[in-house]
Amino acid sequence: MKLEVKPSPIHGLGVFARKRIRKGERIGKYVSRRTRQDGPYVLWVGDGGQWQGYEGYGRLRFLNHQPTPNSELDGLELHALRTIEPGEEITIHYGEDWAEVA
């Protein structure tokens, strides 16, 4: 297993690498079910102006935001933007809409 969830210095719990993850490598899938209601683990994916919510229940629901993340979601698939070392927290950018609210 290459991921673990543990307390994060960023916020609450976070997702951390247990093994080196190389740039471009698939890290995992945001395991979820579709929803229309917002919530703490809901990922909103936009496609051509249409938004779909996915309520996460897998480990990746604990991904935290960083302005300069080390990974990104392509739909529900997470990939490394650079090599991520063991023990490093895996982060994403929540998007421009989130940045305006935060």
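## Strands and their pairing

Strands here are DSSP runs of at least two residues, numbered from the N terminus, and two of them pair if DSSP finds at least two bridges between them. The model is predicted.

Strand S9 covers residues 77-80. Strand S8 (residues 71-74) pairs with S9 in the antiparallel sense, over four bridges. In this pairing Leu 73 stands opposite Leu 78 of S9. Two residues lie between the strands in the hairpin of S8 and S9, where Gly 75 takes a positive phi near 70°.

S9 is also joined to strand S3 (residues 26-29), by three bridges, and these strands run antiparallel. Here Glu 77 in S9 is the bridge partner of Lys 29.

## The two faces of S9

In a regular strand, side chains alternate between the two faces of the sheet. S9 has Leu 78 and Ala 80 on a covered face, while Glu 77 and His 79 are on an uncovered one.

## An aromatic pair

One aromatic pair is found in a search of the whole structure. Tyr 41 and Phe 62 form this pair, edge-to-face, with 5.4 Å centre to centre and 75° between the planes. The pair links distant parts of the chain, 21 residues apart: Tyr 41 is in the loop between strands S4 (32-35) and S5 (42-47), and Phe 62 is in the loop between S6 (50-56) and S7 (64-65).

Phe 62 is buried because its relative accessible area is 12%, under the 20% limit. Tyr 41 is partly exposed, at 33%.

## Charges over rings

Arg 61 lies over the face of Tyr 41, at 5.6 Å from the ring centre. The charged end of Lys 6 sits over the ring of Phe 16, 4.8 Å from the centre of that ring.

Methods
Residues numbered from 1 in each chain as written. Predicted model: local features only at pLDDT ≥ 70, side-chain atom pairs only at ≥ 80, totals over all residues. Heavy atoms only, no water. Buried < 20%, exposed > 50% of the residue type's maximum accessible area, 1.4 Å probe, protein only. Phe/Tyr/Trp six-rings, centres within 6.5 Å; stacked < 30°, edge-to-face > 60°. Lys NZ or Arg CZ within 6 Å of the ring centre and 35° of its normal.
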